Amino acid sequence: MPTVILVGCPNVGKSSIVRCISTGTPEVNNYPFTTRGVTVGHVIDKELGLKIQVMDTPGLLDRNIDHRNEIEHLTYATIAHITDAIIVFVMDPTELSGVKTSSIVNQLNVRSYLKSTFGDRDWIDVITKADLISSNIPNSNASASTSTNA
């Protein structure tokens with residue numbers, strides 16, 4: 001069964017995506033570090049006979065491997081041990097996730113590290129909270145339409 005692993009910094013929308021697109025029911029709250037374990041859900045398309053496993057993982061911080069906690073190591077272990085999984089890097093450009101943990105710079109650093117470590121894997125970048133971008137950028141005419149809050 002194909003597997004998709006959602007990864008990214010804390011509070012960027014990984015759990016919301018898993019909850020919206022799959023049978024997974026991870027806890028969703030508006031504060032960092034809600035996810036403390038891996039939550040698995042499935043996307044099932046009976047017409048196509050397709051079943052995909054979707055995994056929500058704890059958020060990763062932009063820090064040296066020596067300073068990572070057990071929860072962060074769980075995310076890295078999930079990626080390392082499911083070698084045929086598609087990695088979906090989830091990024092929140094609004095910085096509403098928390099500048100200390102999920103600034104754009106921190107998110108890009110985490111992405112860069114993951115790409116350098118798992119660059120041979122299938123990879124998808126996902127931008128979340130697009131509906132909030134125009135309201136967070138002064139004098140912006142940008143607009144986005146979305147049917148979820150992921």
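**View 1. Arg63, partly exposed at a relative accessible area of 29%, in its salt bridge with Glu72.** The model is predicted: local features need a pLDDT of at least 70 and side-chain atom pairs a pLDDT of 80 or more, whereas totals for chains, interfaces and linings use all residues. Residue numbers start from 1 along each chain as its sequence is written, and side-chain values use heavy atoms, without hydrogens or water. Buried stands for under 20% relative accessible area, exposed for over 50% and partly exposed for the range in between (1.4 Å probe, protein chains only). The closest N and O atoms of Glu72 and Arg63 are 2.4 Å apart. Glu72 is buried, with a relative accessible area of 2%. A salt bridge requires a side-chain nitrogen of Lys or Arg within 4 Å of a carboxyl oxygen of Asp or Glu; the whole structure has 3 of them.

**View 2. The salt bridge between the side chains of Lys129 and Asp92.** The N to O distance is 3.3 Å. Lys129 is in the loop between β5 (123-127) and α5 (130-136), and Asp92 is in the loop between β4 (86-91) and α3 (99-102), so the pair ties together parts 37 residues apart in sequence. Both ends are buried: Lys129 has a relative accessibility of 13%, and Asp92 has a relative accessible area of 0%.

**View 3. The salt bridge between Asp125 and Arg111.** Here the closest N and O atoms are 2.7 Å apart. The pair links distant parts of the chain, with Asp125 in strand β5 and Arg111 in helix α4, 14 residues apart. Asp125 is partly exposed at 40% relative accessibility, and Arg111 is partly exposed with a relative accessible area of 24%.

**View 4. Helix α4, residues 104-118.** Helices (H or I, at least four residues) and strands (E, at least two) are DSSP runs numbered from the N terminus. The 15 residues of α4 reach 21 Å from the first C-alpha to the last, close to the 21 Å expected at 1.5 Å a residue; the expected span is 1.5 Å times one less than the number of residues. Asn106, Gln107, Val110, Leu114 and Phe118 of α4 are buried. They lie on the same side of α4, because they cover an arc of only 100 degrees around the axis; the arc is that of the directions from the helix axis to the C-beta atoms. Val105 and Ser116, on the other side of α4, are exposed.

**View 5. Model confidence along the chain, given as pLDDT on a scale from 0 to 100.** The chain has a mean pLDDT of 86, and 85% of the residues score at least 70. Where pLDDT is low, the predicted coordinates should not be read in detail.

Note on methods
pLDDT is the predictor's confidence in each residue, from 0 to 100.
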